[in-house]
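Have the sequence and structure open while reading.

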Amino acid sequence: MEWVHGEKAAKSSSTVINMLKKMLTTGFNKDVSIGLINSAINLNSNEETFATIDISIVDLVKGNIEFVKNGACPTFIKSGNNVEVVKSVSLPAGMLDKIDLVVYDKDLKENDIIIMCTDGIMEANQEYDNKALWLKDLIEKIETQDIQKIANIIMRRILGFKLWNSQR
């Protein structure tokens, strides 16, 4: 099975997001919605196709966040200089006939920052085997609480790796 990249991956992701949005806004719960998406991917594909699912549902009243991660890249919760990694332990939608929905529930503190990323970010640094640990360490060292600056620092690092790798 090959990973889908670029335009094909973007189209697949867009389709899954639109399906999920329609189902959730019409009253389906997330478990049923993701199960139906998994079935649709399985039934409508002539080839081995799958989609990672990475959803964060923030409850601003209770101060918590619920993660639904199926085959998705880790999510990072930056709290001051500490970073917690939330990893997916399940396979992407479409790989199995029935999806095992994995949900993580975390309490948030004031000023916590949630950082979600794509596999392109995770795979940019080819020097490390443990990509999540590498990105966790990078995020821990970032001193600012400005979300845009954090994104810019991560992107500059990623673009540096891409440039360095292309010159080898």
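Lys-69 and Asp-54 form a salt bridge, their closest N and O atoms being 2.7 Å apart. A salt bridge here is a side-chain nitrogen of Lys or Arg within 4 Å of a carboxyl oxygen of Asp or Glu. The pair links distant parts of the chain: Lys-69 is in strand β2 and Asp-54 in strand β1, 15 residues apart. Strands (E, at least two residues) and helices (H or I, at least four) are DSSP runs, numbered from the N terminus.

Lys-69 is buried, at 0% relative accessible area. Asp-54 is partly exposed, at 24%. Buried means under 20%, exposed over 50%, and partly exposed in between (1.4 Å probe, protein chains only).

## Basis of the model

The model is predicted: local features need pLDDT of at least 70, side-chain atom pairs count only at pLDDT 80 or more, and totals for chains, interfaces and linings use all residues. Residues are numbered from 1 along each chain as its sequence is written, and side-chain values use heavy atoms, without hydrogens and water.

## The sheet

Three strands form an open antiparallel sheet, ordered β1-β2-β5. β1 (53-59) and β5 (103-107) are the edges; each has a single partner strand, so one side of each lacks a neighbour in the sheet. Pairing requires at least two DSSP bridges. β1 and β2 (residues 64-70) share seven. Ser-56 stands opposite Phe-67 in β2.

## Other salt bridges

The count comes to three salt bridges. Glu-84 meets Lys-106 at 2.8 Å, N to O. Lys-136 pairs with Glu-140 at 2.7 Å; both lie in helix α4 (residues 131-141), four residues apart.
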